[in-house]
Amino acid sequence: MTEIRPLSEHTGVEIAGVDVRRLEEDGFRSIYAAWLEYGVAVVRNQTLEIGDFIAYSRRFGHVVPHPSRSTRHADHPEVTVLGVGKFDADGTLNEEIYRRGAASWHTDGAYDEVPFKATQLYALAVPSRGGDTHFSSMYRAWDALPERLKAKIEGRRGAFTYGGGKRGSDALLNPEDRGHAPVFHPLVRTHPETGRQSLYFDPGKIVRVEGMAPAESDALIDELEERMVVADARYDHRWRVGDIVIWDNRCMVHRAAGDYPPEEDRIHWRTSIKERDTGARVAGD
Ligand SMILES: O=C(O)CCC(=O)C(=O)O
Ligand SMILES: [Fe+2]
């Protein structure tokens, strides 16, 4: 029997009693609906081969390779492997791998014209302590902003690049993949499926707010960073081997805690998922 249980008031839902390898359309629809409502869906106790994980990820949209080529799975480039290759040849800890996703709260793919709709992780190895993933709802962040700030950002766009924000880094990209021009996204966005408004912001990728003088833009970025995480909007995921967790990058932010014993393994497969139809629309189409 499928059981669906919210993990906090606004963020996170847990699904138990399913095997995603054998999930009928109805069962998937109820997981998808719960995921849309709570932004993060946790499915426990799965035993997957890599092909199963890719097939399940495809039910959410279009699975695409991540721009960090060096961390792609050798045989399945659409899968990124997290937590492998943590030590360099001389035995020093590679912080970029160990602390991947931990530098700041973020939304995946904001450097892209069409950011990732979702990111999905499957836990293969989990440390004895630490290594959680933190989530927070940007619907709640938007709702909680003071009217003064709402008025300031409504209708404005941010310029985003990979690693371009002051908390960002592009060290996981190959040199030839660095230095792309910024892309622009509205700072307040309406979710294409729920119709709800949310803040869209990422302090590791935002370079500036369009149409503002540098000092004003910097001050606004600082203020949004302070306000993007609202206490009642959070869910911290404590991993178990066999967990699948998917989050909605259109309305959630996340970060890795980056605090587990480095000598222990913490390994995930990760897929990056786009909306199925990313084609440009013709007016009236
Ligand atoms: O490892 C984690 O907990 C999250 C890493 C991350 O930010 C990502 O995979 O997008
Ligand atoms: Fe991330």
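This is a predicted model: local features need pLDDT of at least 70, side-chain atom pairs count only at pLDDT 80 or more; totals for chains, interfaces and linings use all residues.
Local features were taken at pLDDT of at least 70 and side-chain atom pairs only at pLDDT 80 or more, while totals for chains, interfaces and linings use all residues. Residues are numbered from 1 along each chain as its sequence is written, and chains are lettered from A and ligands numbered from 1 in the order in which they are written.

Helices (DSSP runs of H or I, at least four residues) and strands (runs of E, at least two) are numbered from the N terminus. Helix α1 comprises 14 residues, 25-38, and reaches 20 Å from its first C-alpha to its last. This is close to the expected 20 Å, the expected span being 1.5 Å times one less than the number of residues. Burial was assigned from C-beta atoms placed from the backbone: a residue is buried if 20 or more others lie within 10 Å of its own, exposed if 12 or fewer, and partly exposed in between. In α1 the buried residues are I31, W35 and Y38. They lie on the same side of α1 because they cover an arc of only 80° around the axis, taken from the directions from the helix axis to the C-beta atoms. E25, D26 and R29, on the other side of α1, are exposed. The buried residues of α1 pack against β1 (3-6), β2 (13-16), β3 (40-43) and β14 (244-248).

Contacts are defined by C-beta atoms, placed from the backbone, within 7 Å. Beyond four places in sequence, A141 touches L199, R227, M228, V230 and A233.

S136 is located in strand β7 (residues 133-137). S136 counts as buried because 24 other C-beta atoms lie within 10 Å. Its contacts, leaving aside neighbours within four places in sequence, include W105, V230 and M252.

P182 lies in the loop between β8 (157-160) and β9 (183-186) and is partly exposed, with 17 C-beta neighbours inside 10 Å. Outside four places in sequence, P182 contacts A159, F160, T161, G164 and V207.

Around ligand 1 (C-beta atom, placed from the backbone, within 6 Å) are L82, R100, G101, D108, T119, T133, H254, A256 and R270.

How values were computed. Two residues are in contact if their C-beta atoms, placed from the backbone, lie within 7 Å.
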